[in-house]
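Reader: I have a chain open on my screen. Can you walk me through it?

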Amino acid sequence: MFDGYTASELVSILAMQGFAGLILFSVFLLMALGLAIIFGQMGVINMAHGEFMILGAYMTYLTSHLVQDYAPGLFGGYFFLAMIVAFIAAGALGLLLEWALIRHLYRRPLDTLLATWGVSLILQQLYRSIFGAREVGVTLPDWMMGAMSLSDTIEVPINGLFVMALTLVISGIVFLLMFRSSWGLQVRAVTQNRVMAGAAGINGRRVDAMTFALGCGIAGVAGSAFTMIGSTGPTSGQLYIVDTFLVVVFGGAQSLLGTIASALTISQSQSTLEFFLSGSMAKVFTLLVVVLILLVRPQGLFVLKVRKG
């Protein structure tokens, strides 16, 4: 397997695979953060989560063209505007979906799975009708182009570094929201004991709606990041939804730290194994290992004990 490679070439290849794994980790984590909030805190299995990501990607695509056409002087910073637009669009759609459908299905996870699966099919067809069936891509600003040389044989793309930095910022914001704000305290109170939270004056209905909208909005930001490393199509979200659920379940559905550790473990495993195996076999092998670990520890890597009321 290693015939024809020198030691330095092998180190370079593994380093590049490791960096590719970090980029994959960034996408997994941004997707999983939103899903962990929705699934872990609310018990809703949102099969349309990938479509919220793709909505963010399409919003980024539209923003790039609008800025390029009408304000070309601002093109260098359009991505920051695109992230805000993606968050608002995905969050607003999530708020509408929660009001129209999800609020009627709380405490019925299998029903939410079927309902949101139908929503995902509807959204895919809407994207296909509006944006076309062909995949689209965005034009990156000049400062995101090129690569940074770490050695004579190792280069890392600047847009990949930006995605990783964005992931760190979003993860920090989510941590502050969930564990250092009054709203996060209300979310955790409703999760642990809904009846007592209501008795304490917390509006559980509003908390549910805003939590679902936040999770969808974060998925929209993940879509913005996704445009920097891949093209966008109506069904692109389905390529990541299974891996994202795997990350959340493996890490522990209600643990932010578990989600981060799980995303890093799965992404690095897939990226490294792709050097030894084909891409599909690397996915299969990673899935088998995760399933075996879950058989031993079904609650995931980290578990948060809660009381249901």
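**Helix α9 and the rest of the chain**

Author: Start with α9. Its buried residues are Tyr240, Ile241, Asp243, Thr244, Phe245, Leu246, Val247, Val248, Phe250 and Gly251. Keep in mind that this is a predicted model.

Reader: How many of the 14 residues of α9 are buried?

Author: Ten of the 14, so the helix is mostly covered; buried here means under 20% relative accessible area.

Reader: What span should α9 have, and how far apart are its end C-alpha atoms?

Author: The helix covers residues 238-251. At 1.5 Å a residue, its 14 residues should span 20 Å. The end C-alpha atoms are 21 Å apart, which agrees.

Reader: Switching topic. How many helices and strands does the chain have?

Author: Eleven helices and two strands. In sequence order the pattern reads α-α-α-α-β-β-α-α-α-α-α-α-α.

Reader: What about the overall dimensions of the C-alpha trace?

Author: Along its principal axes the trace spans about 65 × 55 × 35 Å. A compact globule of 309 residues would have a radius of gyration near 19 Å. This chain has 20 Å, which agrees.

Reader: And what share of the residues is buried?

Author: 47% of the 309. The chain exposes about 14800 Å², with carbon and sulfur atoms supplying 70% of that area.

Reader: Now Ser224. Where is it found?

Author: Ser224 is in helix α8, residues 204-226.

Reader: Buried or exposed, and why?

Author: Ser224 counts as buried because its relative accessibility is 0%, and the cut-off for buried is under 20%.

Reader: Which residues is Ser224 in contact with, leaving aside neighbours within four places in sequence?

Author: Gly56, Ala57, Thr60, Phe79, Ala82, Met83 and Ala86.

Reader: Last one, Thr272. Which helix is it found in?

Author: Helix α10, residues 256-276. Thr272 has 30% relative accessibility, so it counts as partly exposed.

Reader: How far apart are Thr272 and Gly76?

Author: They are 196 residues apart in sequence. In space the distance is 34 Å, C-alpha to C-alpha.

Methods: Residues numbered from 1 in each chain as written. Predicted model: local features only at pLDDT ≥ 70, side-chain atom pairs only at ≥ 80, totals over all residues. Heavy atoms only, no water. Helix = DSSP H or I, 4+ residues; strand = E, 2+ residues; numbered from the N terminus. Expected span 1.5 Å × (residues − 1). Buried < 20%, exposed > 50% of the residue type's maximum accessible area, 1.4 Å probe, protein only. Rg over C-alpha atoms; globule rule 2.2 N^0.38 Å. Areas by Shrake-Rupley, 256 points an atom, 1.4 Å probe, with all protein chains shown as cover. Contact = heavy atoms within 4.5 Å.
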